[in-house]
Amino acid sequence: MMMATAAAVAIVVFSCKSKLSEAERLDLRFTPIQTVDSMYILQTKDGHVEMRVEAPVMERYETDTMSYELFPKGLDVYGYTEQGELQSEIHSENASHEKYKSGGEEIWKAFGNVVIRNVMKQETMETDTIYWDRKAGEIYTDCYVRMYSPDGFLQGYGMRSDEKVTNSVIMRPFNSYGVVVQDSTQVRIDTANFIGPLLKKSSR
């Protein structure tokens with residue numbers, strides 16, 4: 001009976017020691033200190049919504065020099081006017097947010113089939129990677145960019161814009177084209193903020 005009890009104690013001690021060794025090998029630099037599912041953030045100013053950020057998953061990490069979040073299942077950012085109308089959208093398959101402890105530098109990075117829309121101007125940009133500098137209030141990239149709008153098609157390398165995507169400039173354009181003549185009676189409808197039915201054209 002004494003031998004059986006000793007064997008049981010030995011098994012328990014060995015099992016605990018094995019788990020402790022596994023914990024000691026864990027590298028906290030690559031282990032999230034927090035995981036959030038269905039993240040939803042509203043940024044407001046004077047009671048008005050300025051920005052909305054959504055992500056299926058957010059993972060937060062911490063190092064000696066910085067804290068950062070990863071969004072491995074994508075990120076959606078929506079910007080609004082002072083009147084509460086949807087103004088811009090940014091969608092990406094992956095994203096990260098880095099905040100450095102010294103200097104307070106803060107950089108957002110969206111990558112993987114990034115789509116940027118100015119809802120009111122009906123402009124759509126597509127690229128691989130963009131950076132969002134919160135301190136400077138701008139988004140930018142040096143990657144290939146293509147832009148579609150009612151005024152034509154632009155493509156090139158590099159883009160600079162304010163964070164609401166109201167003024168976007170492609171830095172090194174090539175092989176682009178524009179609409180030279182437009183119908184002055186054409187009416188553009190902001191379908192994202194339009195309230196009421198869209199009337200179908202008569203077939204007569």
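Hi everyone, let's start with Val49, which sits in strand 2, the stretch covering residues 48-62. Keep in mind as we go that this is a predicted model.

Patches take in residues with over 30% relative accessible area, and Val49 belongs to a nonpolar patch on the surface together with Tyr40 and Leu42. Between them, the three have about 280 Å² of accessible area.

Now let's go inside. Rolling a probe the size of a water molecule over the atoms shows where empty space is left. How many cavities of 30 Å³ or more does the structure hold? There are two.

The largest cavity has a volume of about 100 Å³. Its lining includes Leu75, Ile90, Trp108, Lys109 and Ala110. Strand 4 (75-80), strand 5 (86-92), strand 7 (106-118) and strand 8 (123-133) each give two or more residues to that lining. The largest share, three residues, comes from strand 7. By class, we have nine nonpolar residues, one polar and one charged.

The second largest cavity comes in at about 60 Å³. Among the residues lining this one are Met51, Tyr78, Gly79, Glu163 and Lys164. Here, the elements giving two or more residues are strand 4 and strand 5. The class counts for this lining are six nonpolar, two polar and three charged.

Technical notes. Residues numbered from 1 in each chain as written. Predicted model: local features only at pLDDT ≥ 70, side-chain atom pairs only at ≥ 80, totals over all residues. Heavy atoms only, no water. Patch = residues over 30% accessible without salt bridge, like charges linked within 9 Å, V, L, I, M, F, W, Y side chains within 5 Å. Areas by Shrake-Rupley, 256 points an atom, 1.4 Å probe, with all protein chains shown as cover. Salt bridge = Lys/Arg side-chain N within 4 Å of Asp/Glu carboxyl O. Helix = DSSP H or I, 4+ residues; strand = E, 2+ residues; numbered from the N terminus. 1 Å grid on protein atoms, 1.4 Å probe; cavity = no way out; pocket = protein on both sides within 12 Å on 5 of 7 lines; lining within 4 Å. Points joined across faces, edges and corners; volume = space filled by probe spheres on them. Nonpolar A, V, L, I, M, F, W, Y, C, P; charged D, E, K, R; others polar.
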